[in-house]
Amino acid sequence: MLEKLEFVPCAENEEHLARHTDTTSLVVGSKVLEGVSKDDISTISRRFDEAYQALIEEKGNPGRQVFALTTSRPIGTDALVPIENLDPSKVFEIVREPGTRGEAKIKVAIISEKDMPKTNVVHAVYGPYGPTGKGGNYTIMFGDPGAPFPRALPEDAPQAQKDMNKQFKRYWDSHVFLITPKELEYAIEKMKEHNVPTSTVEARQKFFDHSPTSPIIKEYNSKADENAMNMGSVVLKDYNDRQIQHV
């Protein structure tokens with residue numbers, strides 16, 4: 001058994017999780033829907049926490065683990081879709097979160113808030129926090145869980161690591177983030193702050209403002225990742241009830 005991880009609960013990663021669980025977040029990616037309370041998210045987070053804690057007790061260091069569950073009604077935006085489901089002429093690239101550890105060049109397509117698809121699928125990714133001896137939640141997202149972004153590797157990197165990096169690249173070459181006009185405006189602002197060219201992106205923005213049609217040409221609904229540990233389903237009560245029951 002590997003040295004046992006010290007577990008860090010989701011609550012201590014709240015600032016990072018806010019990009020997905022705060023309805024006011026403008027970072028590109030899936031978002032929780034209006035009407036889903038913080039208590040709802042906390043309850044779901046605790047369920048994921050308990051599952052990873054159980055793995056730590058069993059294995060000491062279970063490594064990276066993806067969990068999935070479904071809810072009885074839509075809980076978030078289904079914002080990450082295969083490129084084949086979109087009009088290719090409406091797909092372009094931006095730099096997401098420039099100047100941060102999460103900086104990455106990604107494919108996006110603009111969509112109005114009213115046309116944004118919704119999902120009842122929730123994924124959570126857990127794992128060790130580097131060499132710290134601690135581990136816990138990396139992120140929670142709605143819909144497709146995505147994949148790590150490929151990164152520059154040294155020539156002498158292990159072949160297994162290079163193969164994994166190629167796998168990540170193939171994923172991101174074939175997937176696109178749906179981005180709302182407000183999210184795009186925020187992304188442009190951040191790109192300008194870090195001297196990333198924005199003229200092409202702003203041209204896309206103006207074209208959409210003139211002709212705000214959906215880029216979706218084939219409906220897509222995310223499903224729980226077949227490689228994830230499936231946590232079953234969660235029944236969300238009425239929006240005004242603010243309670244969750246496990247089934």
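Asn 165 is buried, with a relative accessible area of 17% (buried means under 20% relative accessible area, exposed over 50%, and partly exposed in between, using a 1.4 Å probe and protein chains only). Its place is in helix H3 (helices are DSSP runs of H or I with at least four residues, strands are runs of E with at least two, and both are numbered from the N terminus). Setting aside neighbours within four places in sequence, Asn 165 is in contact with Pro 150, Arg 151 and Leu 153, where contact means heavy atoms within 4.5 Å.

A quick word on what you're looking at: this is a predicted model, where local features need pLDDT of at least 70 and side-chain atom pairs count only at pLDDT 80 or more, while totals for chains, interfaces and linings use all residues. Residues are numbered from 1 along each chain as its sequence is written, and side-chain values use heavy atoms, with hydrogens and water left out.

## The largest pocket

H3 turns up again here. The largest pocket holds about 1,600 Å³ of space and is lined by 43 residues. Here is how that is worked out: on a 1 Å grid over the protein atoms alone, a pocket is an open set of points with protein on both sides within 12 Å along at least five of seven lines, whereas a cavity is a set where a 1.4 Å probe fits but cannot get out; lining residues have an atom within 4 Å of a point. Grid points are joined across faces, edges and corners, and the volume is the space filled by probe spheres set on the points.

Arg 64, Thr 139, Ala 147, Pro 148 and Phe 149 lie nearest the pocket's centre. Helix H1 (14-21), strand E9 (134-142) and helix H3 (159-173) are the elements that give two or more residues to the lining. H3 gives the most, with 7 residues. By class, the lining has 21 nonpolar, 12 polar and 10 charged residues (Ala, Val, Leu, Ile, Met, Phe, Trp, Tyr, Cys and Pro count as nonpolar, Asp, Glu, Lys and Arg as charged, and the others, Gly among them, as polar).

## An open sheet with helices on it

Four strands make an open sheet, in the order E4-E10-E6-E5, with mixed pairing; two strands pair if DSSP finds at least two bridges between them. Strand E4 (80-82) and strand E5 (92-96) stand at the edges with a single partner strand each, so one side of each has no neighbour in the sheet. On average, neighbouring strands of this sheet are turned by 50° against each other, direction ignored (axes are lines fitted to C-alpha atoms, for helices over the stretch in contact, and angles run from 0 to 180 degrees between N-to-C directions).

E5 pairs with strand E6 (residues 104-110) in the antiparallel sense over 5 bridges, and Val 95 has Lys 105 in E6 as its bridge partner. H3 packs on the sheet, touching E4, E6 and strand E10 (175-179), and its direction makes about 50° with that of E10. Helix H5 (residues 199-210) packs on the sheet too, touching E5 and E6, with its direction at about 120° to that of E5.

## Two loop residues with positive phi

Most residues other than glycine have a negative phi. Glu 97, in the loop between E5 and E6, has a phi near 50°, a positive value. Glu 97 counts as buried, at 18% relative accessibility.

Asn 195 has a phi near 60°, again positive in a residue other than glycine. This one lies in the loop between helix H4 (181-193) and H5. Asn 195 is exposed, with a relative accessible area of 70%.

## Strand E2 and its partners

Of the 7 residues of E2, 6 are buried, so the strand is largely enclosed by the rest of the structure. E2 runs antiparallel to strand E8 (residues 121-128), joined by 6 bridges, and Leu 69 stands opposite Val 122 in E8. E2 also runs parallel to strand E11 (residues 229-236), joined by 4 bridges, with Met 229 in E11 as the bridge partner of Phe 67. Gln 65 lies in E2 (residues 65-71) and is buried, at 16% relative accessible area. Beyond four places in sequence, Gln 65 touches residues including Tyr 52, Tyr 126 and Met 229.

Over in E8 sits Pro 128, which is partly exposed at 21% relative accessible area.
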